[in-house]
Amino acid sequence: MDWKLEGSTQKTESRVLQEHEITLDDPGEDGVSESFQLLQIDVGCEHWEQETLPTGSAAWCSKNVQRKQRHWEKIFLLNNIFLLFHFYSFLVFLTLGIYPQHSKRFLRSLIKERLLEAKHSGPRLCIDLSMTNHMSKKELSRLAGQIRRLYGSNKKADRPFWIYLTGFTTDSPLYEECLRMNDGFSSYLLDRTEEDCFSLFPLETLVYLTPDSDHALENVDLNKVYILGGLVDESIQKKVTFQKAQEHSVKTARLPIQEYMVKCQNGKNYHSEILTINQVFDILSTYFETQNWPEALKKGVSSRKGYVLQNSVE
């Protein structure tokens, strides 16, 4: 009789273990549906509790069996309390507009969706890379870093631009530098083309952004294509991008730094409106989202340039 009792006890414990095991998986992207799945309770547990133990055997009423039964009942209860707590917390977060941390896979999908939407209906920005032939290795490295930061800012934007890299050949030193410095550069969601920006778009839609222009940029127009000169020139050759725009009879514009900012005193008496392409992009992106030039300029023009907002000195 002992071996029968032991076998029955092991069978009962095994059944309890099997029915009470709960695996908590990462909710991933479908957090709500999977939360409902976690709340499903096997009705077999209820039937098990209602079963009557065999009569005529005093061993079934042993304290050891009762103690183990109470132990697994407590585990079952605590697990369901844990699941209910997290489920209702999730509902509260949704009600308050506070969303739980998403998985990296979900965030990548969201970024991809926004960028592809910008390709069809968002503002367009062209990086003119046709002037890199005479740049040094150091200057190319700096430009590759600026492209990386620009793309990173665009991914984080709620209303991203669609980016074009024009005059960009795969056998160029800049392309090799971009691959070396920028992880995943070959999978960037943007357009790369060897074609020049002046032949890629109708000339009347182009606006070349250059600090040498006489016209201040007033707005970001979805019907225009804005061009940034991909040029890092430590010798500071003046009016290179401005002259290139004039050669193709393309409109030019500068950021409205003079309209919203003033020169500030500094030790070197240094004042410059020349910005990196990622700094210019941060200004354009912020303005497109906020429609506020002072806020946008504050984002991209640091005090090291010798300019501050007008209201900051009043």
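1. In strand 5, Y226 is the bridge partner of V207, and in strand 6 the bridge partner of V207 is K251. Strand 4 (residues 206–209) is joined to strand 5 (residues 225–229) by 4 bridges, the two running parallel, while 3 bridges join strand 4 to strand 6, again in parallel. Strands here are DSSP runs of E of at least two residues and helices are runs of H or I of at least four residues, numbered from the N terminus; two strands pair if DSSP finds at least two bridges between them.

2. The model is a predicted one, in which local features need pLDDT of at least 70 and side-chain atom pairs count only at pLDDT 80 or more, whereas totals for chains, interfaces and linings use all residues. Residues are numbered from 1 along each chain as its sequence is written, and side-chain values use heavy atoms, with hydrogens and water left out.

3. The chain comes to 12 helices and 8 strands, and 37% of its 314 residues count as buried, where buried means under 20% relative accessible area, exposed means over 50% and partly exposed lies in between (1.4 Å probe, protein chains only). Of the contacts in the chain with a separation of 6 or more, 79% are between residues 24 or more positions apart, a contact being heavy atoms within 4.5 Å.

4. An open sheet of 6 strands, with parallel pairing, has the order 3-2-1-5-4-6. Strand 3 (191–192) and strand 6 (251–253) stand at its edges with a single partner strand each, so one side of each is left without a neighbour in the sheet. Elsewhere in the sheet, strand 1 (residues 124–128) and strand 2 (residues 162–166) run parallel and are joined by 5 bridges, and the bridge partner of D128 in strand 2 is T166.

5. From strand 4, L206 and Y208 point one way and V207 and L209 the other way, and all are buried. T210 is found in the loop between strand 4 and strand 5 and counts as buried, at 2% relative accessibility. Leaving aside neighbours within four places in sequence, T210 is in contact with T241, F242, T252, A253 and R254.

6. The largest nonpolar core has 59 residues, and those with the most contacts inside it are L125, I127, I163, L209 and L284; such a core is a set of buried Ala, Val, Leu, Ile, Met, Phe, Trp, Tyr and Cys residues joined through side-chain atoms within 4.5 Å. Helix 11 (residues 277–290) supplies the largest share of this core, 7 residues. With neighbours within four places in sequence left aside, L125 is in contact with L150, F161, W162, I163, Y164, Y226, L228, F281 and L284.

7. A search of the whole structure finds 1 cavity of 30 Å³ or more, and the largest cavity has a volume of about 40 Å³. A cavity is a set of points, on a 1 Å grid over the protein atoms alone, where a 1.4 Å probe fits but cannot get out, and lining residues have an atom within 4 Å of a point; the volume is the space filled by probe spheres set on the points, which are joined across faces, edges and corners.

8. The largest cavity is lined by I127, I147, L150, Y151, I163, L165, L190 and I277. Helix 6 (137–156) and strand 2 are the elements that give two or more residues to this lining, and helix 6 gives the most, with 3 residues. By class, the lining has 8 nonpolar, no polar and no charged residues, with Ala, Val, Leu, Ile, Met, Phe, Trp, Tyr, Cys and Pro counted as nonpolar, Asp, Glu, Lys and Arg as charged, and the others, Gly among them, as polar.

Key
On a 1 Å grid over the protein atoms alone, a cavity is a set of points where a 1.4 Å probe fits but cannot get out, and a pocket is an open set with protein on both sides within 12 Å along at least five of seven lines; lining residues have an atom within 4 Å of a point.
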